[in-house]
2 protein chains.
Amino acid sequence: MSPPRLTIGDFAQLTQLSRKTLRHYHEAGLLTPDQVDPASGYRYYSSAQIPTAQVIRRFRELGMPVPEVRSVLLAEVAERGELIAAHLARLEDQLLQTQSAVASLRRLLSPAPPAIEVRLRAAPAQVVAGIAADIDRAAVLAWYSGAMAELAALGVAEVGPCGGLYDNELFTDDHGQAMVYLAVERAPTVGRVRPIEVPAAELATTVHPGPHDDIDVTYGQLGAWVADQALALAGPVHEVYLVGPRDTPEESAWRTEIGWPVFRTAIGRPDGYPGGHD
Amino acid sequence: MSPPRLTIGDFAQLTQLSRKTLRHYHEAGLLTPDQVDPASGYRYYSSAQIPTAQVIRRFRELGMPVPEVRSVLLAEVAERGELIAAHLARLEDQLLQTQSAVASLRRLLSPAPPAIEVRLRAAPAQVVAGIAADIDRAAVLAWYSGAMAELAALGVAEVGPCGGLYDNELFTDDHGQAMVYLAVERAPTVGRVRPIEVPAAELATTVHPGPHDDIDVTYGQLGAWVADQALALAGPVHEVYLVGPRDTPEESAWRTEIGWPVFRTAIGRPDGYPGGHD
DNA sequence: GTTGACCTTCCCCCGGGGGGAGACTCGACA
DNA sequence: TGTCGAGTCTCCCCCCGGGGGAAGGTCAAC
């Protein structure tokens, strides 16, 4: 006796997936019915497909995209682990992002947003030992820690704090050029490390204390200051890690200098908009 | 001197939102530019809007829908807390769901899925003290604990384990009828509690041990067994909490009987599909 | 044979934007 | 004052992962 065939409705009941979703998965090649009547087009599932459907449902609940679920199902057991691990890493990233968002909101919605102190200073050009790459915004954190580890492994004597340069495109287009560096006497060429010239710039700088969860708020304050001074942004933002994870695990002790290259007489017009003469 | 006007590109750079997104938020009434040139249609933002844009960005990163972000921004500080708390509760739900999905996947992908023992038994009709409601699938957990608490507060002598009935529509249509009950001598009418008759049924039952994270796997195994016996599902699923949170906080000690009402000679056809004579 | 529940395809809709076309505007520089 | 390139405008179609519902075909029970 062959096992009974389940109609899409029965199968939906057993797997807690909707009929619509099952049809969608059929179309997407994710879960093909055991049999399809060529005359009527009726889909028939087998009870052996229930576990598969459940696996799919659960991966989807974890936010795994449909094509990726398919490759997990098609993959051998060996690679399967990697795919799942990769997705779990993404979930962890999301969690970190959630934590940052909460910290940032706490500061943004707090009744008294403390004012920042901005200093305008001319930064001279310097040649540093840096690692540069074209990366996606989402990958910045992972890339940063990898690059910093490689720099630290150089074992070169440092003559100043380390820092980074981040293109504005990284934020507006979701990917762009990034660079982290150590200030050293003579920059070597080892692995990804190259001697890189940080060009001279007029920087509007402020110092962000503490962990970077809410650094965007400080960025915003600095940006508002720059805009209010009728200055224009001109180039990648500079970060200098005055006190960072390399110095202390105590996050509240961190101090990060943010420097935005600016030039005068460009952004907006200080006056003259019709009717805006207040 | 009036503050400079920021073009959409400048503002995008300062707030790390894309131009597309800013236009979208304008259209959605979420963030209206400080000025809009009626002739050219150009949008001009002010530096004072930077914090607002950041708040929006962060709420969006937390997955808050755009209309809800708008109401948070429009709300007075007093109600704002409630809206945010409600959203944080949703985030917590998501987290629980993620945990369940991981537990369920662990069991589904484990090499040796232990077989279940199914027992077919006739359950007699009984009148119980129950709380019934038409609810959404997502709300089941919250509703369950509330209803159970109300039942426990009755202080009535129980003559058997408590349980619940859950309509299949709850799973296929995402909302439906649910009921939880205590087995008592005489069912009172207090608050939401009513005397309810649980109708007699032929049940295919099995016992799920441990917490409910992976109970869907047991459901699937039971469903596969029922389908393979050429039985049809007939009515809401019965859950009996033989050992549950009311008995012990030790989740691994929980025992939940799942009973699916079945009737014979209905689902599928045991044989005869053209070409399927294996 | 009838009937009602079930199935099929098809099309449009949602949120939250992204990509790109084609046209217009801005401001800097000559 | 003209020019030119970068920036902006609107408009339309696209993505995912389905949901809602219409119009019509099928299944099996009685």
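Predicted model: local features only at pLDDT ≥ 70, side-chain atom pairs only at ≥ 80, totals over all residues.
Figure 1. Look for A:A230 in the loop between helix 8 and strand 10 (231–233) of chain A. The backbone deserves a glance too: phi of A:A230 is near 60°, a positive value in a residue that is not glycine.

**Figure 2. B:A230, the residue of that number in chain B.** Here the view moves to the loop between helix 8 (215–228) and strand 10 (231–233) of chain B, where B:A230 lies. B:A230 is not a glycine, yet its phi is positive, at about 60°. Is B:A230 buried or exposed? With a relative accessibility of 16%, B:A230 counts as buried.

**Figure 3. Helix 8 of chain A against helix 3 of chain B.** Two packed helices are described by the angle between their axes and the distance between the axes. For helix 8 (residues 215–228) of chain A and helix 3 (residues 50–61) of chain B, the angle is about 155° and the axes are 9 Å apart. The pair is therefore roughly antiparallel, since angles over 145 degrees fall in that class. The crossing of helix 8 of chain A and helix 3 of chain B is right-handed. On the chain A side, helix 8 brings A:D216, A:V217, A:G220, A:G223 and A:A224 to the contact. Helix 3 of chain B meets them with B:I50, B:Q54, B:R57 and B:R58. Sorted by class, this contact between helix 8 of chain A and helix 3 of chain B holds three nonpolar, three polar and three charged residues.

**Figure 4. Helix 3 of chain A against helix 5 of chain B.** In this view, helix 3 of chain A packs on helix 5 (residues 77–109) of chain B at an angle of about 150°, and the axes are 9 Å apart. That angle makes helix 3 of chain A roughly antiparallel to helix 5 of chain B. Which hand does the crossing of these two helices have? The crossing of helix 3 of chain A and helix 5 of chain B is left-handed. Helix 3 of chain A contributes A:P51, A:Q54, A:V55, A:R58, A:F59 and A:E61 to the contact. From helix 5 of chain B come B:Q97, B:S100, B:A101, B:S104, B:L105, B:L108 and B:L109. By class, the residues of this contact between helix 3 of chain A and helix 5 of chain B split into seven nonpolar, four polar and two charged.

**Figure 5. Helix 1 and helix 3 within chain A.** This close-up stays inside one chain, where the axes of helix 1 (residues 8–15) and helix 3 (residues 50–61) of chain A come within 10 Å and cross at roughly 60°. Helix 1 of chain A is therefore oblique to helix 3 of chain A. Their crossing is right-handed. To trace the contact, start with A:F11, A:L14 and A:T15 of helix 1, then find A:I50, A:A53 and A:R57 of helix 3. By class, the contact of helix 1 with helix 3 in chain A has four nonpolar residues, one polar and one charged.

Figure 6. A:V102 is found in helix 5 (residues 77–109) of chain A. Its relative accessibility is 28%, so A:V102 counts as partly exposed. A:V102 and A:A253 are 151 residues apart in sequence, and their C-alpha atoms are 20 Å apart in space. Zooming out, chain A has eight helices and twelve strands, and its C-alpha atoms fill a box of roughly 85 × 60 × 35 Å along the principal axes. The radius of gyration of chain A is 27 Å, whereas a compact globule of 278 residues would have one near 19 Å. Buried residues make up 44% of the 278 residues in chain A. Of the chain A contacts between residues at least 6 apart in sequence, 69% join residues at least 24 apart.

Conventions
Residues numbered from 1 in each chain as written. Chains lettered and ligands numbered in written order. Heavy atoms only, no water. Axes fitted to C-alpha atoms, helices over the stretch in contact; angles between N-to-C directions. Helix = DSSP H or I, 4+ residues; strand = E, 2+ residues; numbered from the N terminus. Parallel < 35°, antiparallel > 145°, perpendicular 65-115°, else oblique. Left-handed = near helix turned anticlockwise from the far one by under 90°. Contact = heavy atoms within 4.5 Å. Nonpolar A, V, L, I, M, F, W, Y, C, P; charged D, E, K, R; others polar. Rg over C-alpha atoms; globule rule 2.2 N^0.38 Å. Buried < 20%, exposed > 50% of the residue type's maximum accessible area, 1.4 Å probe, protein only.
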